[in-house]
Amino acid sequence: MFGEFGEPRLYEGASWLWIAGQVTLAALFLHRGVGAVGEFSDYVEQLATRGVPLPAFVMAGGLFTMLTGGLMVAADWYAFYGAILLIIFTLLANHWFHHFWQMEGLMRKLHFYFFCNNISIIGGLLLVMAK
């Protein structure tokens with residue numbers, strides 16, 4: 001009934017609640033990816049100040065990952081692999097942008113909140129992979 005890992009499932013046998021949840025999860029990455037296109041140079045600068053090598057290449061890879069992975073999960077087309085891409089992206093984003101352990105005061109609390117939200121998003125992506 002459900003596809004094996006690496007097969008396009010196209011929501012075969014999925015309830016409308018599952019479809020709504022998976023599309024909503026993917027929409028987050030698609031929205032942020034499209035929005036980041038206009039802020040490309042700002043993100044490249046942030047990555048460079050954090051010591052990330054080849055920041056423009058890394059940012060382009062991040063955009064590709066968000067958009068490609070988001071479309072794969074939204075369409076349930078090889079969603080297992082799309083979710084893997086988005087998990088890797090989210091882990092790297094947490095490390096490079098939400099390193100609360102190096103912050104103090106309000107910024108530490110704020111970025112800890114972002115970090116925890118991203119971990120929850122990873123949980124949702126794991127559910128997509130498990131389907």
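**A glutamine and its surroundings**

Modeller: A polar atom of the Gln22 side chain lies 2.8 Å from the backbone oxygen of Val73. This is a predicted model, in which local features need pLDDT of at least 70, side-chain atom pairs count only at pLDDT 80 or more, and totals for chains, interfaces and linings use all residues. Residues are numbered from 1 along each chain as its sequence is written, and side-chain values use heavy atoms, with hydrogens and water left out.

Biologist: With which side chain does the side chain of Gln22 make a polar contact?

Modeller: With that of Asp76, at 2.9 Å. A polar contact is a pair of N or O atoms within 3.5 Å; within protein, one must be able to donate a hydrogen and the other to accept it, and residues adjacent in sequence count only if both atoms are side-chain atoms.

Biologist: Is Gln22 buried or exposed?

Modeller: Gln22 is buried, with a relative accessible area of 2%. Buried means under 20% relative accessible area, exposed over 50%, and partly exposed in between, with a 1.4 Å probe and protein chains only.

Biologist: What does Gln22 touch, leaving out residues up to four places away in sequence?

Modeller: Its contacts (heavy atoms within 4.5 Å) are Tyr11, Val73, Asp76, Ala79, Val128 and Lys131.

Biologist: And where is Gln22 placed?

Modeller: In helix H1, residues 16-37. The protein has five helices and zero strands, where helices (H or I, at least four residues) and strands (E, at least two) are DSSP runs numbered from the N terminus.

Biologist: Changing topic: how many aromatic pairs are found in the whole structure?

Modeller: The search finds nine. Rings of Phe, Tyr and Trp (its six-membered ring) pair if their centres lie within 6.5 Å; planes under 30 degrees apart count as stacked, over 60 as edge-to-face and the rest as tilted. One of the pairs is Tyr43 with Phe97, edge-to-face at 6.0 Å centre to centre and 85° between the planes.

Biologist: Which parts does that pair tie together?

Modeller: Tyr43 lies in helix H2 (residues 40-49) and Phe97 in helix H4 (residues 79-97), so the pair ties together parts that are 54 residues apart in sequence. Tyr43 counts as buried at 15% relative accessibility, and Phe97 is buried at 16%.

Biologist: What of Tyr113 and Phe114?

Modeller: They form a tilted pair, 6.0 Å centre to centre with 55° between the planes. Phe114 is partly exposed, at 30% relative accessible area.

Biologist: Which residues form one aromatic cluster?

Modeller: Phe100, Trp101, Phe112 and Phe115.
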